[in-house]
Amino acid sequence: MDKQLTFEILLYLNVYYFGLYFGMELLFLFLKFFHVENYDGFLNDLLLLFVLGGIESTRLYISQVEDLGRKLDAIFRILVLTLPSQYLVAYFTFYQPRLTQLDVVLGLIMLVTQMIQLVCAFLTCLPRRGRLSLRMLFSSC
């Protein structure tokens with residue numbers, strides 16, 4: 001499958017999945033605040049969630065350009081913004097003071113999707129080479 005097409009499809013699907021992820025994490029933060037005793041990190045987690053929302057929204061906005069594979073500067077910006085986004089998703093997946101199983105599952109889906117996007121973005125940035133065929137391999141013999 002074409003790496004550029006895979007990258008663009010994953011970015012497009014991530015627009016919708018991130019909306020779901022952000023909404024569910026916000027809902028869980030408020031539920032934890034009202035129903036969990038000694039939950040002291042609410043404001044900190046809320047701030048980090050809105051920072052994640054800003055970073056991911058910027059990253060996904062940059063990805064909505066036409067013919068993304070030819071614009072290496074946009075791909076580079078997406079790569080740069082992917083790393084802080086992954087760190088914050090990892091925090092909400094593994095290191096948050098109170099975790100639910102749904103937090104972990106949603107976060108793992110987001111992390112796997114972002115890792116595949118990262119690999120596809122790196123492969124899209126590599127110089128284009130023609131397909132390697134058996135004829136090319138054995139022509140030197």
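Before you click on, some housekeeping. You're looking at a predicted model, where local features need pLDDT of at least 70 and side-chain atom pairs count only at pLDDT 80 or more, while totals for chains, interfaces and linings use all residues. Residues are numbered from 1 along each chain as its sequence is written, and side-chain values use heavy atoms, with hydrogens and water left out.

**Stay on Arg59**

Arg59 sits in helix α2. Helices are DSSP runs (H or I, at least four residues), strands are E runs of at least two, and both are numbered from the N terminus. Now show the surroundings of Arg59. Leaving aside neighbours within four places in sequence, Arg59 is in contact with Leu11, Asn14, Ile78, Leu81, Thr82, Gln114 and Gln117; contact means heavy atoms within 4.5 Å.

Zoom in on Thr82. Its side chain makes a polar contact with the side chain of Arg59 at 3.2 Å. That term covers a pair of N or O atoms within 3.5 Å; within protein, one must be able to donate a hydrogen and the other to accept it, and residues adjacent in sequence count only if both atoms are side-chain atoms.

- Glu56 and Arg59: the closest N and O atoms are 2.7 Å apart. The two residues are 3 apart in helix α2 (residues 42-62), so about one helical turn separates them. Glu56 is buried too, at 0% relative accessible area.
- Asp103 and Lys32: this one comes in at 2.9 Å, N to O. Asp103 belongs to helix α4 (residues 101-125) and Lys32 to helix α1, so the pair ties together parts that are 71 residues apart in sequence. Asp103 is buried at 0% relative accessible area, and Lys32 counts as buried at 5%.
- Arg77 and Asp73: the N to O distance is 3.9 Å. Both residues are in helix α3 (residues 72-95), 4 residues apart, or about one turn of the helix. Arg77 is partly exposed at 46% relative accessibility, and Asp73 is partly exposed at 46% as well.

**Colour by helix**

Zoom out to the whole chain. There are 5 helices and 0 strands, and from the N terminus the elements run α-α-α-α-α. Of the 141 residues, 40% are buried. Among contacts with a separation of 6 or more, 74% link residues 24 or more positions apart.

**Into the core**

Next, select Phe7, Phe18, Tyr21, Leu52 and Leu68. These have the most contacts inside the largest nonpolar core, which has 31 residues. Such a core is a set of buried Ala, Val, Leu, Ile, Met, Phe, Trp, Tyr and Cys residues joined through side-chain atoms within 4.5 Å. Helices α1, α2, α3 and α4 each give two or more residues to this core, and α3 gives the most, with 9 residues.

Pick Leu68 on its own. Not counting residues up to four places away in sequence, Leu68 touches Gln4, Phe7, Glu8, Leu11, Ser63, Ala74, Ile75 and Ile78.

**Back to α2**

Leu48 is another stop in helix α2, partly exposed at 22% relative accessible area. Beyond the neighbours within four places in sequence, Leu48 is in contact with Leu88, Tyr91 and Phe92.

The chain exposes about 9100 Å², and carbon and sulfur atoms supply 68% of it. These areas come from the Shrake-Rupley method with a 1.4 Å probe; for residues, only the protein chains shown count as cover.

One member, Tyr12, is in helix α1 (residues 3-35) and counts as partly exposed at 46% relative accessibility.

Definitions and conventions:
Buried means under 20% relative accessible area, exposed over 50%, partly exposed in between (1.4 Å probe, protein chains only). A salt bridge is a side-chain nitrogen of Lys or Arg within 4 Å of a carboxyl oxygen of Asp or Glu.
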